[in-house]
Amino acid sequence: MFYRPYSTFKHWKDRKIHGSAGQSRTVTRRFAPSDPNLAQLPKKGEGVKFRECFIPHHRNAVIMSVDFNGQELRQGAGQSMDPNMLACYVGDHKKDMHSMTAAGAMVAKWGTEKVGELAAEYGREGDDDYAFFVRLRKDVEDKDVHKLADDLRKNAKNVNFGAQYDAQAPKLAETLIIPVSDAEAFLQAKYAMFPRFEVWKEEVKEESKRLGYVTTPMGARRHLREALLSEEWGVADKALRQGPNFR
């Protein structure tokens, strides 16, 4: 992704790479960098060396790297007004959305017996799965337990982003390289944890069917009527998913 294309992006005059960032390049009006895609620079591992390619344009200049930090999830929380999602971004004691989904999938993924053993060994107060999971991940000194919880959260994070765009269990299983049953368990945990968001998606789908189009909060419109009326297999379902995605 980086090693081969970068050399072809050098400008003939100064031999530097001048990437571009179209403000409304995608159909959803999202900005999209290209030549190269600077939004996908590696943050760790071998690929992080590519960040050394950037140099300031003069001696006293500073280069800043900015991360959107879950913009899709924040948009979903703000538009659906799901109370559990909002609790992750608003207030003095913000929760971690990925840990919430992981906590909901804890029993399905680890099994009742394993969760019971962890509760007996490290203690648990009440029925708060989220507080218990966060404790396992952050406060327990046993590295194996910490890794167990951390790995569960990593999968939950990928599921949260995928499900935001209506990805289903087979696709998530393929992406995460996990059994379909595990992907389904994560999805059910997310649906149960953030029910208002799922209701909001259905409301947007119904609106798009009624109007034949869907709009963003800024007024951009995507026409879906032709696709929604299509008899070709899968086209109408895809158009329904595009409604909330565009919004």
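A salt bridge is defined here as a side-chain nitrogen of Lys or Arg within 4 Å of a carboxyl oxygen of Asp or Glu. By this criterion the structure holds 14 salt bridges. The model is a predicted one, in which local features need pLDDT of at least 70 and side-chain atom pairs count only at pLDDT 80 or more, while totals for chains, interfaces and linings use all residues. Residues are numbered from 1 along each chain as its sequence is written, and side-chain values use heavy atoms, with hydrogens and water left out.

Helices (H or I, at least four residues) and strands (E, at least two) are DSSP runs, numbered from the N terminus. Burial follows relative accessible area: buried means under 20%, exposed over 50%, and partly exposed in between (1.4 Å probe, protein chains only).

Helix H1 (71-80) has Leu73, Gly76, Ala77 and Ser80 as its buried residues. Seen down the axis of H1, these residues fall within an arc of 95 degrees, so they line one face of the helix; the arc is that of the directions from the helix axis to the C-beta atoms. An α-helix has 3.6 residues a turn, so residues three or four places apart point the same way. The cover over the buried residues of H1 includes helix H2 (83-86), H3, H6 and helix H9 (195-211), where contact means heavy atoms within 4.5 Å. Just after H1, Met81 adopts a positive phi of about 60 degrees.

Helix H4 (residues 112-122) buries Val115, Leu118 and Tyr122. Down the axis of H4 the buried residues lie within an arc of 60 degrees, so they too line one face of the helix. The face of H4 turned away from that buried side carries the exposed residues Thr112, Glu113, Ala120 and Glu121. Among the elements covering the buried residues of H4 are helix H3 (97-110), helix H5 (129-138) and helix H6 (143-164).

Side chains of opposite charge can pair when their charged atoms come close. Asp182 forms a salt bridge with Lys109, their closest N and O atoms being 3.5 Å apart. This pair links distant parts of the chain, with Asp182 in helix H8 (residues 180-193) and Lys109 in helix H3, 73 residues apart. Asp182 is buried at a relative accessible area of 17%, whereas Lys109 is partly exposed at 34%.

A further salt bridge joins Lys201 and Asp166, with the closest N and O atoms 2.7 Å apart. Lys201 lies in helix H9 and Asp166 in the loop between H6 and helix H7 (169-176), 35 residues apart. Both Lys201 and Asp166 are buried.

Arg247 and Glu207 also meet through their side chains in a salt bridge (2.8 Å, N to O). Arg247 lies in the segment after helix H11 (235-246) and Glu207 in helix H9, so the pair ties together parts that are 40 residues apart in sequence. Arg247 is buried, with a relative accessible area of 18%, and Glu207 is partly exposed, with 21%. Salt bridges that share partners join Asp166, Lys190, Glu198, Lys201, Glu202 and Lys205 into one network.
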